[in-house]
Amino acid sequence: PVPSVVHSICIASIINPMDDDDDVLEWMWVCPAAAMAARGVCLLCMIGANALVISSFLDGMEESGSVVGTALSTAANFSCSAVYGMIFFGEVVPPSWYFGAALIAAGMWLLSTVTLVDPAEKITKCA
């Protein structure tokens, strides 16, 4: 949508309905170039956002373990998607969804309180 908006704004600013000049044809190359530049900026923003999220996810997995990190990420994704759907799209959810969301929140709280034990430390404690 962003490149389309940029292209539309560009066309509207170049073409003047009251102008019968042939100079308009000389500047028509600017609009596709501006739309392509907008696509490039959007692509770079997407790559940057994905790199930031992956870095954060990997840091979380390193801190809490891969199973806990993946479970927390999936639960947060589910919860945020549903809340955004209600806020931005006006989705109506049944009361049972709220019960399920409360169970997911409780599970996320339990998983976030897990502490990892180093296997070597566990062996020395047992001996």
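Predicted model: local features only at pLDDT ≥ 70, side-chain atom pairs only at ≥ 80, totals over all residues.
Trainee: Happy to start simply: how many helices and strands does the protein chain have?

Mentor: Let's walk along the chain together. From the N terminus on, its elements run α-α-α-α-α-α. The tally is therefore made up of helices, because helices and strands are counted as DSSP runs. The protein chain comes to six helices and zero strands.

Trainee: How do the axes of helix 3 and helix 4 cross, and which word describes their angle?

Mentor: Good one to look at in the model. Helix 3 covers residues 30-64 and helix 4 covers residues 66-89, and their axes come within 7 Å and cross at roughly 135°. That angle makes helix 3 oblique to helix 4.

Trainee: Which residues of helix 3 and helix 4 make the contact?

Mentor: The crossing of these two helices is right-handed. On the helix 4 side, the contact involves Ser 66, Val 68, Gly 69, Thr 70 and Ser 73. On the helix 3 side, the residues are Phe 57, Met 61 and Ser 64.

Trainee: Is Cys 80 buried, partly exposed or exposed?

Mentor: Buried means under 20% relative accessible area, and exposed means over 50%. Cys 42, at 35%, counts as partly exposed. Cys 80 has a relative accessible area of 38%, so the answer is partly exposed.

Terms used: Residues numbered from 1 in each chain as written. Heavy atoms only, no water. Buried < 20%, exposed > 50% of the residue type's maximum accessible area, 1.4 Å probe, protein only. Helix = DSSP H or I, 4+ residues; strand = E, 2+ residues; numbered from the N terminus. Axes fitted to C-alpha atoms, helices over the stretch in contact; angles between N-to-C directions. Parallel < 35°, antiparallel > 145°, perpendicular 65-115°, else oblique. Left-handed = near helix turned anticlockwise from the far one by under 90°. Contact = heavy atoms within 4.5 Å.
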